[in-house]
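Biologist: Please take me through a few features of this model, with the general idea first and the particular case after it.

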Amino acid sequence: MNTSPLYRALLRTAWIAGAFCVLVGGIMVYEHFEAATNDPWKSPQLLALREKLAADPKNEPLQKEIRQLDLKFRRNFRHRLALDNTGAWLLLGGTLALVLAAAKAAALKKTLPLPQPKPDAGEQSIKLASRARWSLAGVGLAVAGCLLIIGLGNTSVLPGSRDAWQKLLSPPSAQEAPIAEAPVLAEFQANWPRFRGWDGSGTAAWDLKTMPGVLWRSVIPAPGHSSPIVWGDRVFISGGTTNRREVFCYNASSGALLWQRAIENVPGSPLKIPETPEDTGCAAPTMAADGRRVYAIFANGDLGALNFDGSVVWTKYLGPVKNPYGYAASLAVWGDNLLIQLDQGETRPEGSKLISLQGGSGRVLWERSRPVPASWATPIIIDAAGKTQIITLADPWVIAYTLADGNELWRAQLLENEVVPSPVFAGGFVLLVSPGAKLMALRPDGTGDVTKTGVAWATEENVPDIASPVGIGELVFTVTSGGVATCFGANDGKKIWETNLDTEVQASPGILGDRLFILGEHGALVTLQAGRELHEMGRTQLPDKFDASPAFANGHVFLRGVTNLYCLGAADAKLAKQP
Amino acid sequence: MLRRLKFVGALGVMLLLALMVCAEQRFPPPDFENGYRLPSASTPAARQLWLQYADAGVLLAALGISVWLIYKKRSRRGLFWLSLFSLAYFGFYRKGCICPIGSPQNIVYGLFNPDYVVPATVLVFCFAPLVVALFAGRAFCAGVCPQGALQDLVLIKPVAVPLWLEQALSVIPYLFLGAGLIYAGTGTGFVICRYDPFVPFFRLSGGVFILTAGAAFLMAGMFVGRPYCRFLCPYGGLLRLASLVSKWRVRVTPDFCTQCRLCEQSCPFGAMREPAPSGTNPKWLWAERKRLGWLLALLPVLVAAGMWAGSKLSPAAAQLHPAVALAERYTRQQSHPVQYGLMTPESLSLQRAAEDPKAVLTAAADLRHRFDLACWLFGGWIGLVIGLKLVALSVRPGRTDFEPDRGACLACARCFAACPNERVRLGLMPAAGDPAPS
C-alpha cells in the first residue's frame, strides 16, 4: 500500500473536494427546485393585485405597487441567477480539484500487473457463462416485469379493441341521442332565442293589435350593442368593456335585474384585451339560448355558457379575434348546436371559421375554415332542399353548410364590401344584401358554385347597408340607414312602395303579426302595415338611442337602448313601475 | 501528457455543466404598456446542402483515418487526437446532430411516413460506420463518436465490470434500439435523440432530468469505461453485430501471442478475452449440448411470450404520441368535465387545439392500431434478443490467444502498448536475444 505523504495529501484533497462538490451541488439542486415551486408569475400576492387592477384599471397606487412587486421578483430572480452562476463555478473548481487529486492519487497507487497462470481457466469459463445466463435471465424477467407493470397499470380511457373504436367513432344512433337534453322546435318558436328570433327572420306570428306602450324600463349596467333575447320569463342581454364582460338577466314581467354574471377567468384568455372601436364595443354579438342554457360571446373571443340561474357551465376562449371594426356576428342555436361564425382578417382571410359546439359541454362538434375576411352578419339555419342548412355571408361568398357535419353544400360569389346585414329565408329564397350594392334572392337547392345559377332576382334600389331585410309571405321589406323603407315583391324583386321615415336607422326591422316595426336610432318607433299598401300605423318616440334590434316574445316587445332595456306591450301605453 | 489532456477535457465538461445550470432558468416576459412587442421566435434556416455534404465528407474521412490509425499505425495517441477532433466537430460544432446514433430513426420514420424523404447525408451517417464495421470493426467508436470521446476523457481509474454482468447488460442497447425504432416509425418522436445524455452538453441546454443523467454517466465514466457505449447505445448494438462478422479484427499483438497475460488488464471496457481450450471435458459435453438444445427450443417461446407482453404495452406506449395524448385528454374531459382554474401548458394546448373531435379520435385510433402492431413486434424483438443471447452464452468459442471480443472491442488501441511484442516493434524494448541497452 502506498503510504507516501504525497499520496495521503492527494487522497485527502480528493475527499475534501468531493465533499465540497456534494455540498455545493446539493445547495444548487435545492435552489433549483425551490425556484421551480415558487414561480413569481403565480405569486398569490401578484395575482391578487392584478385582479384588483383588472377591476380598477386606473388605480395608479395599485399600478405602482404591482410594478414594485414585479421589480422585487425580478431582482430576486437575477440574484438567484447570480448565485447559480457562482455555485456553478464553485462546483467546477471543486470538481477540478477532485479529478486532479483523484487521478494523481490513482496514478501513484497504480501497480504493474503480475499475471499468474490460470490452470482452471476452462472451468472458470463455464461457471462464468452459467452466471451470465442466469443474470441475463434476471434482466429478461426484470424487463418483462416492467413491461407488464406499465402495460397492466395503464389507465387509458381510450377503447382497447377495434370494435370499441368503431363504436366510438360512429355517430350515435337516434336511440342513443340524449333526447331529454335536446330542446324541441316548439320551444324555440315560442321564444326569442337568438338575434332576430328562432329562425333569424325577425318575425313573430302573434300581434299586439294596438300600438304598444312602454310597460317598464330597466337600467342596463354595462354598455353594449347586442340585442335582447327572451326565453320564458327571462330577458338576457350582454354588456361590457375591455375590463369586464357580463351577462344580465331580467324578469320579463317586471324588468327586475335578477342576476348579472361576469364571464371571467376564461382559460387562455389574456387579462388585457385589445381595444375595440367604440361603435362596436365589446358586446355587439347577440346572445343565444336553448331553454337550458344561455350563451354569450364577446369581441375578444371569450365565450361562455350559463345556466338560467347565472351559474357558469363552461367557458372557452376563441380569440384573439382579428376584426378591424370589432367582432359583432351573433350566436346561432339549433337544437343542441351552438354556432359561431368567426370570420377574421382585414382584407384577406386570417383564420376565419365556422364552429359548431355542443351546447351542454362546449365541445367542438366540427369546425370549418372559411375563405373570407372579417364579416359582421349572423348565420341563419334553414330547412331547405331536404337538408338543414347553415347560411353564412361574408365578402365575397355566400356559403351553405350542413348542420350535421359542417360539409359545404353550395356557395355563390355575390357579396362585396363590409357585410353587415344578415340573411333571411322567406318565400323559398335566401334573401341577402351586398351592402349598398344589391338585394338578392337565392335558391338554396343547388350544389357547388351557384354564382351563375342560383340567383332568382336582384335589385339595386334602396339597398340597405346595416339593417337586415325582413320578409313575410310574398313581400320583402328593407330599410336603409338613412331611413328609407322599401317593400319588394319576394318573387321578382320588384319595388312595390318606398317611404322616407325621416329617421336614421341602425336596428334591423321586425314584423309582428301584420306590423312592420322600424326602430330609429334616436328613439322613433314607427309601425307600418306589412302589406302591399303603404300605411303608417303608428309612431311613438322613446327617450333613448337605439342600435339593437327588437325582440318579440310573450306578447311584448323588448328593446335595448343605450341606457335602458324597454318592455313594450299593448296593455296601457304608460310607463310601468320602475324596478 | 495524455492524462493532463484528460483533466482538461473533464474541466471542459464541468464548465459546460455550469453554463447549462444558467440556461435552465426562465422568467416570464413583463407586460409592456408602452407598445413594445417582444420579437417573435423564429426557426433557424436549415443547414445549407453543401455543408451537409461537408459533414458527410468529414465523417467518411474520420472513419478512414480511424481505420488507418487502428490497423496501420496501431496508434493510441493518434486515436486520442482524432477523438478530440470528433468531439469538437461532431459534438460541439455540429451539436450532436446529425449523428449516426439517432440516424436509424430517420430511416424508419421515412419508411413508414411517405411524406418524409430521408436526406442523403442521413443515409451516409447511418450506413457508413456500419459498412466500415463490416470490414474493420468499431472504428467509429474508436475515434469518431463524440459521445464516446467525451466519456473517454473522464476515464480516470477504470474498474472491471464482472463479465457475467457485462454480458447480461449488453442486451439493453438492443431493447433501447427497438423502442427508439417503434417510436420513430409511429411518428411519436426520436426518443434515442431525446434521451441522449450527452447532446445537452453539446448544445449547452437541456432539461434537469437529462442533464442529471448525463452528469451521472460522466461520473460513472470516471470508473467504468464508457458506460453509455457499452450498456445503452443502440447504434453500438448495431456496430457490435456488424463487427462480429468483420473482415479484419483488432489484434493485440502485431506478431504472435506469448500468452504473457499483460494485455488482460489494459482494456478498460472488459473486451479482452482469454484463450479458451478447444477441447471439452466429456463429463460436461452432454450437459452443454442438452442445454443448447433446450435454449434453442426456448427461443420461439420467448419470442411468443415477448409478443404477448408487448401487446399489453400498446395502450401505455401509445400515450406518448401527442395525438393519442390529445384524444386521451379529450375523452377524459368528456367523461369528467373539468373547468381548469390555472391552465397547465397541456390543458391550454387542448383548449386551444379546438380540433374536430372526430378527427382527433380517428387519428388516435389509427395510431393505436399501429402501436398494437409495433408493440407486438417490439415484444417479440425483446424475446428474440434475450433468447439469442442465451444461446450465444451456451456456445463455447475456441480461442488460442488473448484477443479482444469482436463485438465488444471499441478498437481504442489501449491494449497495443501492453503487448511486449508491440513494444519491441516500436523499439521501446529489446527483443528476446537482443543485447540489453547499456
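Modeller: Helices are DSSP runs of H or I with at least four residues, strands are DSSP runs of E with at least two, and both are numbered from the N terminus. Please keep in mind that this is a predicted model.

Biologist: What is the phi of A:Ala385, and is A:Ala385 buried or partly exposed?

Modeller: Most residues other than glycine have a negative phi. A:Ala385, however, has a positive phi, near 50 degrees, in the loop between β15 (380–384) and β16 of chain A; 14 other C-beta atoms lie within 10 Å, so A:Ala385 is partly exposed. B:Ala413 also has a positive phi, about 75 degrees, and is found in the loop between β2 (403–404) and α19 (420–425) of chain B. Because B:Ala413 has 24 other C-beta atoms within 10 Å, B:Ala413 is buried.

Biologist: At what angle do the axes of α4 and α5 of chain B cross, and which residues meet there?

Modeller: The axes of α4 (103–112) and α5 (120–136) of chain B come within 8 Å and cross at roughly 125 degrees, and the two helices are therefore oblique to each other. In this contact B:Ser103, B:Pro104, B:Asn106 and B:Ile107 of α4(B) meet B:Val122, B:Phe125 and B:Cys126 of α5(B), which amounts to 5 nonpolar, 2 polar and no charged residues. Among the buried residues of α4(B) are B:Gln105 and B:Tyr109, and the cover over its buried residues includes α5, α9 (172–185), α10 (191–194) and α14 (234–244) of chain B.

Biologist: What is the strand order in the open sheet of 4 strands in chain A?

Modeller: Strands of a sheet pair through backbone hydrogen bonds, either parallel or antiparallel. In this open sheet the order is β24-β25-β26-β27, with antiparallel pairing. At the edges stand β24 (470–472) and β27 (495–500) of chain A, each with a single partner strand, so one side of each has no neighbour in the sheet. The pairing of β26 (484–489) with β27(A) is antiparallel over 5 bridges, and A:Val484 has A:Asn500 in β27(A) as its bridge partner.

Terms used
Residues are numbered from 1 along each chain as its sequence is written. Chains are lettered from A and ligands numbered from 1 in the order in which they are written. This is a predicted model: local features need pLDDT of at least 70, side-chain atom pairs count only at pLDDT 80 or more; totals for chains, interfaces and linings use all residues. Axes are lines fitted to C-alpha atoms, for helices over the stretch in contact, and angles run from 0 to 180 degrees between N-to-C directions. Angles under 35 degrees count as roughly parallel, over 145 as roughly antiparallel, 65 to 115 as roughly perpendicular and the rest as oblique. Two residues are in contact if their C-beta atoms, placed from the backbone, lie within 7 Å. Ala, Val, Leu, Ile, Met, Phe, Trp, Tyr, Cys and Pro count as nonpolar, Asp, Glu, Lys and Arg as charged, and the others, Gly among them, as polar. Two strands pair if DSSP finds at least two bridges between them. A residue is buried if 20 or more other C-beta atoms lie within 10 Å of its own, exposed if 12 or fewer, and partly exposed in between; C-beta atoms are placed from the backbone.
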